[in-house]
Amino acid sequence: MGTVHVIDLRSGNLQSISNAIEHLGYKVRIVTSAQDAELERAEKLILPGVGNFGHFIDNMNKYGFLEPIKDYITSGRLIMGICVGLQALFSSSEESAGCRGLDLIDIRLCKFKRSKKPVPQIGWNSVNADDDLFFGLDPLQRYYFVHSYAAILKSNEEREYLRKQGWKFATASYGEEEFVAAVYKGNVFATQFHPEKSGTAGLEIIRNFLRQQHPIAKHSEEDAVKISNDHSNYGLSRRIIACLDVRTNDDGDLVVTKGDQYDVREKSVTGNVRNLGKPVELAQRYYEQGADEVTFLNITSYRNCPLRDSPMLEVLRLAAKTVFVPLTVGGGIKDVLDVDGTAVSALDVAALYFRSGADKVSIGTDAVYAAEKYYALGGNGDETSPIETISKAYGVQAVVISVDPRKIYINGPADTNNKAMKTRFPNDKGQTWCWYQCTIKGGREARDIGVWELTRACEALGAGEILLNSIDKDGTNSGYDLELIEHVKQAVSIPVIASSGAGIPEHFEQAFKNTGVDACLGAGMFHRGAYTVHQVKEYLSSKGLKVRI
């Protein structure tokens, strides 16, 4: 069906976009230099990017792409920008003062401010347009957004400017702010969202661009009413994440497992590691059931295995070929010594995962060390922690902090140096005060730092999201620790994912309605087949919560 060229600016998940294009039947050629003869031969060009606007533009200059891309656009050949690839079309960004974009659109990008939602926006959102939509964009579908800055439409002036310049554009809303979700003019098309991570709906957008087709989504009159109904399933949705704890079992096989209070062994005579399935097959199953994201947590080390041959890298490579939603991987994202004695930085470890298909990395124990160091330095980072180095290179949205706290009852706030709270659930001693103590090494070691202090420090260091586990709730199927979630939601302004304790769909509803959490994660209940992701979403929809179905 032809060849699609993809620009490599060391700022994006090239594996994901390559997988999507190949899935659609095209060949992919990666262009790493403006001097590459492939750029001259290109007829369909993709400009993907994630992270910092300035870093992206600087790399365009560094690798000599700025003027050649302008010439390419002038030539009339097809080009599609994704995420920061869209932002690069604009004049400048509040994110990077003094940095000039391609200047095709004279609008300055701004950070979400008036929104009461967490920043960055991470999730699945609807799009709309005053005029006809293009390349099959569908107002009843959702697309995956992950960004802090956008072309925010503050008044009708920006709209009129875009129209006068000949641009067609689609918009989305985040909180009270409306922003440009996609633009189209002649041979140029760009999306703020990630179509390669937007499931089948996103793949259709890429297919339509490559074929230069503009199919119009046809819906019933009832569906059309939903679009304008404030109480409909339109707008930013609640995310449901499927989590897979991956490790080698006693026979050396890579399996998905789940335990009670972090104990993954069967309570039987054999005591074998619980085997709930193969990671790639389960990831595919949850994608087909409608999971909004899939998280892989490496809960064991692979001894005597070179880093570049890590089984988790192969899991990601295989899953990313057919699972077109965001993939997060955690475990081992730290400075390490390879088996040959070579020192490998956390940034380089993360880069291996990103190149294999991951969209985010999750940091656990080293996040605690980083937070402790942050406070020891008087509330400052030293730019050496994995959080700082990875977020600087790939953007805050690429860094998730996985927290493993446990509830500690005390007589009052004076009993701890960490932030205490009054609980609605006293213990058997009648104590009504508690704090949430952070642990490391899979919950095996406690530290004198609270979840409030940890999450605030990690946000300051550059984390973009919190994966909030609970040692007390893990494996109980009794529901999430709602007090813990409320506590952390008050501490940070970045998105929070609830984890540990979900056993029935009602638990997801309770978390979303009672805490305002941004996403809910499920594991054992999905692995055991008690409920499917789709069943959970259908239940939530019946209760008036917006979900992607």
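Q: I take it that two strands count as a pair if DSSP finds at least two bridges between them. In what sense do β6 and β9 pair here, and over how many bridges?

A: In general, the strands of a sheet pair through backbone hydrogen bonds, and the pairing is either parallel or antiparallel. This model is a predicted one. In it, β6, which covers residues 105-111, pairs with β9 in the antiparallel sense, over two bridges.

Q: How should I read the angle between helices α16 and α18?

A: The axes of α16 (residues 505-515) and α18 (residues 533-542) come within 9 Å and cross at roughly 50 degrees. That angle makes α16 oblique to α18. The crossing of α16 past α18 is right-handed.

Q: Which residues make that contact, and of what class are they?

A: An α-helix has 3.6 residues a turn, so residues three or four places apart point the same way. From α16, P505, E506, F508, E509 and F512 take part; they meet V536, Y539 and L540 of α18. By class, the contact has six nonpolar residues, two charged ones and no polar ones.

Q: How many residues of α14 are buried?

A: Helix α14 (residues 451-461) has eleven residues, and eight of them are buried, so the helix is largely enclosed by the rest of the structure. The buried residues are V451, W452, E453, L454, T455, A457, C458 and L461. Just after α14, G462 takes a positive phi of about 125 degrees.

Q: Where is Y63, and what is it in contact with?

A: Y63 sits in the loop between α3 (53-62) and α4 (66-74). With a relative accessible area of 22%, Y63 is partly exposed. Leaving aside neighbours within four places in sequence, Y63 is in contact with L9, R10, T32, S33 and A34. Y63 and P215 are 152 residues apart in sequence, and their C-alpha atoms are 37 Å apart in space.

Technical notes: Residues are numbered from 1 along each chain as its sequence is written. This is a predicted model: local features need pLDDT of at least 70, side-chain atom pairs count only at pLDDT 80 or more; totals for chains, interfaces and linings use all residues. Side-chain values use heavy atoms; hydrogens and water are left out. Helices (H or I, at least four residues) and strands (E, at least two) are DSSP runs, numbered from the N terminus. Axes are lines fitted to C-alpha atoms, for helices over the stretch in contact, and angles run from 0 to 180 degrees between N-to-C directions. Angles under 35 degrees count as roughly parallel, over 145 as roughly antiparallel, 65 to 115 as roughly perpendicular and the rest as oblique. A crossing is left-handed if the near helix is turned anticlockwise from the far one by less than a right angle, and right-handed if clockwise. Contact means heavy atoms within 4.5 Å. Ala, Val, Leu, Ile, Met, Phe, Trp, Tyr, Cys and Pro count as nonpolar, Asp, Glu, Lys and Arg as charged, and the others, Gly among them, as polar. Buried means under 20% relative accessible area, exposed over 50%, partly exposed in between (1.4 Å probe, protein chains only).
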